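Here's a quick walk through one model, with an eye on aromatic rings, surface and helix packing. Have the viewer open as you read.

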Amino acid sequence: MAGLSTDGSNPDVSLLYDINGIAADAPGWVDRIMEYVGEYGIMLGLVLVALWCWWRGRSRGTADDSVASAAAIVWAPLAAGIALLVNIPIRGFVERPRPFLEHKGLEVLVAGKTDFSFVSDHSTIAMAIAVGVFMAHRRWGLAAIGLAFAEGFCRVYMGVHYPTDVVGGFALGTAVTLLLAPLAMMVLTPAATAVSRLRATSSLVRARAARDTDTERRATASAEQARAAAASRRRDGSDGDPTARDLAA
């Protein structure tokens with residue numbers, strides 16, 4: 001299939017030149033930073049955010065909350081991998097060349113990109129992970145989504161993708177993560193629950209302090225129930241025993 005429109009009057013191409021033009025005017029050290037950030041740095045940041053959410057989720061809320069959070073964090077990279085697989089036939093069908101192969105005057109910060117452009121793998125991975133993190137923790141998920149948007153900007157800034165490549169990656173990563181989430185949670189939630197019940201691996205899902213708190217809460221509830229049952233038995237015994245009634249009189 002022929003590539004998407006590459007006419008210079010296309011707003012997609014105009015926006016490409018506008019964003020990539022920042023790279024042409026920026027100092028060399030800024031471009032080197034953007035190259036590293038766009039190729040590796042933001043991805044590393046997303047991994048660190050996901051790990052932080054996993055760590056915090058171990059001690060947040062009830063045991064069920066910890067299990068749900070752990071399952072969502074595991075789903076995030078799995079969703080990213082599935083989205084990449086889905087992108088393989090999409091790229092082969094669209095066959096859109098990289099923008100620097102079709103347009104002159106672009107500042108290309110990363111050489112050697114010879115595969116097709118639509119959709120952006122980096123944008124797909126970033127948004128899939130970000131949405132998975134959002135499922136586990138809303139606040140940190142918003143931060144991860146912000147990083148995903150920054151990744152998309154970097155890919156255009158670097159001259160290796162059109163803006164629509166990035167938008168397509170965002171849509172693909174989001175769709176795969178959300179549409180397959182119910183099925184994934186049906187599998188991952190019981191697995192996380194099983195891991196939390198094994199002595200050797202329980203700390204991967206639930207922190208010891210949180211488990212101790214749950215144990216204390218259950219023990220307190222059991223003690224209160226026992227006291228209430230004992231009080232009820234005493235009342236019933238007093239009401240049903242004539243001797244007790246005579247003594248009370």
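This is a predicted model: local features need pLDDT of at least 70, side-chain atom pairs count only at pLDDT 80 or more; totals for chains, interfaces and linings use all residues.

Tyr36, Tyr40, Leu44, Val47, Leu48 and Leu51 together make a nonpolar surface patch of about 620 Å². One of these, Leu51, sits in helix H2 (residues 28-57), and its relative accessibility of 46% makes it partly exposed.

Now for the rings. The whole structure holds five aromatic pairs. Among them is Tyr36 with Tyr40, a tilted pair. Both tyrosines belong to helix H2 and are four residues apart, about one turn of the helix. Residues three or four places apart in an α-helix point the same way, because there are 3.6 residues a turn. Trp54 and Trp55 also pair up, and their planes stand at 65°, over the 60 degrees cut-off, so they count as edge-to-face.

| Pair | Centre to centre | Angle between planes | Type |
|---|---|---|---|
| Tyr36 and Tyr40 | 5.9 Å | 50° | tilted |
| Trp54 and Trp55 | 5.9 Å | 65° | edge-to-face |

As for cover, Tyr36 is partly exposed at 48% relative accessible area, while Tyr40 reaches 52% and counts as exposed. Trp54 is partly exposed at 25%, and Trp55 is partly exposed at 46%.

Which helices do the buried residues of H6 pack against? They meet helix H1 (11-25), H2, helix H5 (121-136) and helix H7 (163-179). The buried set in H6 includes Gly141, Ala144, Ile145 and Ala148. Helix H6 (residues 138-157) has 20 residues, so at 1.5 Å a residue it should span 28 Å, and the 29 Å between its end C-alpha atoms agrees. Just after H6, Gly159 adopts a positive phi of about 80°.

Conventions
Residues are numbered from 1 along each chain as its sequence is written. Side-chain values use heavy atoms; hydrogens and water are left out. Patches are made of residues with over 30% relative accessible area and no salt bridge: like charges are joined within 9 Å, nonpolar side chains (Val, Leu, Ile, Met, Phe, Trp, Tyr) within 5 Å. Accessible areas come from the Shrake-Rupley method with a 1.4 Å probe; for residues, only the protein chains shown count as cover. A salt bridge is a side-chain nitrogen of Lys or Arg within 4 Å of a carboxyl oxygen of Asp or Glu. Helices (H or I, at least four residues) and strands (E, at least two) are DSSP runs, numbered from the N terminus. Buried means under 20% relative accessible area, exposed over 50%, partly exposed in between (1.4 Å probe, protein chains only). The expected span of a helix is 1.5 Å times one less than its number of residues. Contact means heavy atoms within 4.5 Å. Rings of Phe, Tyr and Trp (its six-membered ring) pair if their centres lie within 6.5 Å; planes under 30 degrees apart count as stacked, over 60 as edge-to-face and the rest as tilted.
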